[in-house]
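Colleague: I would like to understand the labels used for this model. Can you take me through them?

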Amino acid sequence: IGGGNAGFESAAQLLAYCKSVTLLSRSAARADAITIEKLKSNPKFTLIENVTPTEVHGDKFVNGLSYKDQSDQVHKLDVSGIFVEVGQIPATAWAKNVSDLDEFGRVKIDPWTQQAGSNVWAAGDCTNILYHQNNIAAGDAVKALEDIYMELRTK
């Protein structure tokens with residue numbers, strides 16, 4: 001789900017592993033033209049624009065997704081996974097006084113230590129790392145904690 005670059009880039013990654021990928025967008029696709037055309041040329045990719053997701057189906061595991069089109073008609077897709085990639089605006093305004101932020105408002109860090117300044121560490125989607133996923137954020141948080149521990153031990 002997502003019609004911007006985040007949605008299209010995730011769909012491109014999923015195409016390497018999935019039999020098919022369907023991308024739902026609330027409006028016309030907003031990703032860069034080259035990326036849109038590349039994915040549209042892949043026979044395993046389907047883009048459904050101008051729709052609103054309304055319901056996830058399944059018990060222990062997801063097995064479907066419903067969405068409404070512009071005429072409020074409800075459609076159901078059989079799916080085995082759902083990824084929501086709608087981009088984000090990091091909530092980092094408070095950090096501008098203690099660390100440098102990039103042009104998107106993400107905290108600039110040293111990727112080896114997660115350090116963003118003297119006695120400041122950051123991890124996850126608020127940082128200027130290349131990939132933003134929960135599992136990467138968790139790993140980055142562990143790296144930050146290890147570095148904080150080492151910093152405290154040497155004082």
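Modeller: Start with a definition: a salt bridge is a side-chain nitrogen of Lys or Arg within 4 Å of a carboxyl oxygen of Asp or Glu. A search of the whole structure finds two. This is a predicted model: local features need pLDDT of at least 70, side-chain atom pairs count only at pLDDT 80 or more, and totals for chains, interfaces and linings use all residues. Residues are numbered from 1 along each chain as its sequence is written, and side-chain values use heavy atoms, with hydrogens and water left out.

Colleague: Why is the pair K143 and D140 called a salt bridge?

Modeller: The closest N and O atoms are 3.6 Å apart. The limit is 4 Å, so the pair qualifies.

Colleague: What makes D140 buried or exposed?

Modeller: Buried means under 20% relative accessible area, exposed over 50%, partly exposed in between (1.4 Å probe, protein chains only). D140 has 8%, so D140 is buried. K143 has 35%, so K143 is partly exposed.

Colleague: Where do K143 and D140 lie?

Modeller: Both are in helix α3 (residues 134–153), three residues apart, about one turn of the helix. Helices here are DSSP runs (H or I, at least four residues), numbered from the N terminus.

Colleague: How do you know that R106 and D102 form a salt bridge?

Modeller: Their closest N and O atoms are 2.8 Å apart. R106 and D102 are both buried.

Terms used. Helix = DSSP H or I, 4+ residues; strand = E, 2+ residues; numbered from the N terminus.
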